Every structure is written in structure tokens, then in C-alpha cells.
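Try each task before reading its solution.

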Amino acid sequence: MNAASQHQPEESFVCLGNQEDEPPSRIGTFFSPQATVTDFPSLGASQPAEPARHRVMRMNPKSRAFRKVFFSEATDADWADWQWQLRNRIRTLEQLRRMLALSPEEEKALEQHGELLPASVTPHYMGLVSPHDPEQPIRRTVIPTVYEMVKSAGEAEDPLAEETQSPVPGLIHRYPDRVLLLATDFCSTYCRYCTRSRIVGQGGFGPSRERLEAAFDYIRRSPQVRDVLVSGGDPLTLSDEKLEWLLSNLRAIPHVEIIRMGTKVPAVLPQRITPQLARMLRKYHPVWMSLHFTHPDECCYETERACGLLADAGIPLGSQTVLLKGVNDSLPVMKSLVHGLMKMRVRPYYLYQCDPIVGSAHFRTPVSKGVEIIRGLRGHTTGYAVPTYVIDAPGGGGKIPIMPDFVAGRDGDNILLSNYEGKAFQYPDCTAE
Ligand code: SF4
């Protein structure tokens with residue numbers, strides 16, 4: 001990818017038309033989508049329409065081929081409209097049967113959908129999903145399987161004990177100087193390994209004024225809180241209007257120094273990142289963002305454009321990635337992901353060991369795998385590209401960094417070190433006072 005060539009100025013999105021076209025993929029038969037799904041929750045006082053200008057966004061070839069087959073009636077402007085993407089999320093077994101050759105493990109899980117974490121995928125993201133390969137990494141992260149229904153030892157609904165650290169509904173106060181505010185429990189696309197699977201999509205933490213005002217009150221009464229992380233669910237699924245109301249309330253609290261936002265929108269719904277949104281966000285600086293990325297296949301044109309708009313708005317971007325078995329648990333895949341992120345001006349921030357939520361055993365790797373990946377990155381690529389590998393301690397202990405050990409021991413005053421190539425070095429240490 002070339003940032004310069006792909007980051008189009010917003011008001012003049014260029015339709016590349018058939019330049020990007022691929023032959024229609026062999027995704028089953030050529031169905032048109034049935035009735036679109038319109039029952040996403042009310043996300044604010046209103047959902048103001050984006051101005052009807054010539055918003056035609058460059059599309060990655062996979063999504064373009066997918067759209068031709070399954071959303072052939074959608075215009076370029078429809079596809080580039082984030083609210084169209086939300087209204088047309090893929091949510092039913094019938095839709096998935098048309099779009100994917102479902103494996104028995106997927107089919108069985110979807111038939112019992114009521115007992116599982118909600119399932120929903122935006123058309124954009126479904127365009128990246130392999131129609132034939134149930135083991136494709138992206139597909140594994142969003143299509144349920146029966147393995148989610150298996151509870152293994154050590155798993156819990158709320159492994160991080162967030163409920164015990166929640167002084168008001170939807171606000172978690174674990175570390176002294178910062179809080180986590182759940183802006184909404186809604187996501188455009190639900191990840192099968194979500195730490196908050198007990199909450200997301202359940203409707204218990206909608207963006208109601210009453211609940212959020214109780215959270216603002218708590219923060220106002222807590223002068224030690226200098227940092228508020230707005231997460232969810234996904235806060236960028238809120239309307240600009242609702243989000244601005246939330247941010248302006250936080251910014252009005254004198255001791256809140258920084259606002260951070262956690263979102264997967266640039267990967268699953270990049271159309272949501274509009275110039276209007278970026279302009280609004282920059283009014284509330286310092287605003288930081290943690291973007292959730294999983295696999296290098298997510299780093300497509302649309303996502304690069306979204307990250308570019310956010311970075312141009314002066315928002316420092318970091319990525320959070322969950323280490324997932326069969327998805328990104330190999331050095332080449334992780335290296336490709338961190339390099340893709342760096343090109344999009346996103347600094348790899350955290351690599352998380354997968355939290356032991358119920359039904360996550362099929363996603364969890366040994367901790368040694370994460371250490372091996374970090375060892376394979378450190379020194380072998382740009383330092384900025386090496387995330388901090390952490391375990392979020394079960395029971396609410398917070399993030400604990402896990403590092404490969406580059407200190408081999410001590411010889412008198414010298415520390416014995418091993419470099420990234422395994423070569424031995426000594427450093428003359430100072431005597432401790
Ligand atoms: S986007 Fe985040 S909150 Fe939403 S399902 Fe995925 S991991 Fe959970």
C-alpha cells in the first residue's frame with residue numbers, strides 16, 4: 001500500500017470504477033440480499049444524514065467483488081455511507097447461508113444463536129471474509145462456532161472482575177487516576193473473543209442520557225481521575241451529535257486531562273470516519289485513540305483512509321491486538337500486521353493475551369507463543385512496531401507486561417545480556433547506592 005496514493009482528500013473521493021474490479025468471485029450463487037436489517041438500536045437523539053455529495057470511496061477488490069454479488073443494488077454512495085453499512089449488517093443465518101459455505105461447527109452454532117454472543121458483521125467487513133474457508137483468520141473472528149459453547153477450566157463471564165470495580169453502571173474504576181466509561185454496548189461487528197461478551201449487544205448499557213450523566217457526576221466527584229477511556233461496545237457507532245455531547249461533558253470537567261477512545265470501527269466500519277467526525281473530535285483534544293486490529297487483511301484502502309483522517313486530525317493512534325490461535329499467532333502474520341499498521345500511522349501499542357471468557361479455549365494460545373512473537377519482533381523490526389505484550393490479570397489485577405528475558409545473568413559488576421541475534425554482551429553496571 002502506498003499512503004500517498006491512497007489517502008484521497010475527503011471532499012473529492014475518486015471513484016476508481018472498474019479499475020479496481022475483479023471478476024465476480026465464486027461466492028455461491030448470485031443472490032441479492034433479502035430485506036435489509038434495520039433494527040439497530042437508536043444511537044442518539046438523531047442520526048443526521050451525511051451531506052449528499054459525491055462520496056464515492058475507493059474500495060478494496062474483495063469488498064468490491066462481494067458487493068457485486070450480494071449488494072448489487074447498492075450504489076457507491078450507499079456503500080460509502082456508514083449508516084447504510086449499519087442498516088445492512090449481516091445478522092441472520094439465512095444471510096450467512098447465502099454468503100458462506102458454512103461448516104457444521106458454524107451452522108450448529110448459528111442455529112442456537114440465542115445462547116451465544118450476538119453475531120453481526122458489516123457488509124464492508126464481510127467482504128474480507130472468505131466464503132469457502134472456515135479457518136480463514138478474519139472469518140474465525142466474526143462467525144460463531146460451537147466451540148464458543150464449551151466452558152473450560154479457568155473461564156469466567158467477567159474474567160477481569162469489572163463488575164466489582166464499577167461504582168456506577170457502565171463505569172469501571174480500576175486504576176487510581178483513570179476510568180473506563182462504556183459509552184454504549186453496541187458494536188457494528190461482534191468479535192467472537194470479546195472480553196465484554198457478557199455485555200455487548202445485550203441492551204443493558206445503551207447510551208442513555210441518565211446513565212451517562214451519572215458517570216459524569218462520578219468523574220466530577222473524583223478529582224484524581226485525569227484520564228477517561230471511552231469504550232464500549234464501540235463509541236464510534238454513536239452519532240456525531242451524541243458523541244459530541246459525551247465528549248463536551250467530559251472536556252468540561254477541569255481535572256480530566258486526556259480523553260482516550262477505544263474502537264474497532266476503522267477496521268470493521270471505516271466509512272464511519274468522516275471529515276465531519278474528525279473535525280468534531282479535534283475540538284476536544286487531547287484525544288487519543290486505541291484502534292482494535294486483528295489481522296493484516298484488515299489493512300485495506302478504506303481502513304488506511306480512515307486512519308489517515310484521524311491522524312490528520314492530530315489524534316495519536318495506537319493499536320490493540322488480541323493474540324488469537326489460528327488467527328495471528330505466528331511471527332510472519334504479526335510482523336505483517338505491525339508493518340501494515342505503521343504504514344497507516346498506527347503505532348502497535350498492546351498485544352493482549354486472550355482473556356479467559358467463557359468459550360474462548362479455541363482462541364487462546366500458550367503465553368510462550370506471545371513471548372516467542374515479541375522475541376521475533378524485538379530488534380528485527382522498527383522499535384515503534386513492537387507492541388507491549390500483556391496479560392490482563394484475571395480477577396481485576398490490571399495489565400501485567402510479559403517480556404522475553406534479554407538479561408542472561410550477572411558477572412561481578414557486569415550484567416550479561418543477550419541481543420536480538422542471541423549474541424552475548426556485557427554492560428558495566430553502576431553500583432547500586
Ligand atoms: S469491537 Fe470491541 S467491544 Fe465490540 S465485540 Fe469486538 S472486542 Fe468486543
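**Exercise 1. Decide whether tyrosine 384 is buried or exposed.**

Step 1: count the other C-beta atoms, placed from the backbone, within 10 Å of the residue's own; 20 or more means buried, 12 or fewer exposed, and in between partly exposed. Step 2: tyrosine 384 has 11, so it is exposed. This is a predicted model, where local features need pLDDT of at least 70, side-chain atom pairs count only at pLDDT 80 or more, and totals for chains, interfaces and linings use all residues. Residues are numbered from 1 along each chain as its sequence is written.

**Exercise 2. Find where tyrosine 384 lies and what it contacts.**

Step 1: tyrosine 384 sits in the loop between α15 (367–377) and β8 (388–393); helices (H or I, at least four residues) and strands (E, at least two) are DSSP runs numbered from the N terminus. Step 2: leaving aside neighbours within four places in sequence, tyrosine 384 is in contact (C-beta atoms, placed from the backbone, within 7 Å) with Met342 and Arg347. Step 3: from tyrosine 384 to proline 348 the C-alpha distance is 7.1 Å, although they are 36 residues apart in sequence.

**Exercise 3. Work out how β6 and β7 pair.**

Step 1: strands pair if DSSP finds at least two bridges between them. Step 2: β6 (residues 317–323) and β7 (residues 347–353) have 6 bridges, in the parallel sense. Step 4: zoom out to the open sheet of 9 strands, ordered β1-β2-β3-β4-β5-β6-β7-β8-β9 with mixed pairing. Its edge strands, β1 (171–172) and β9 (398–401), each pair on one side only.

Terms used. Contact = placed C-beta atoms within 7 Å.
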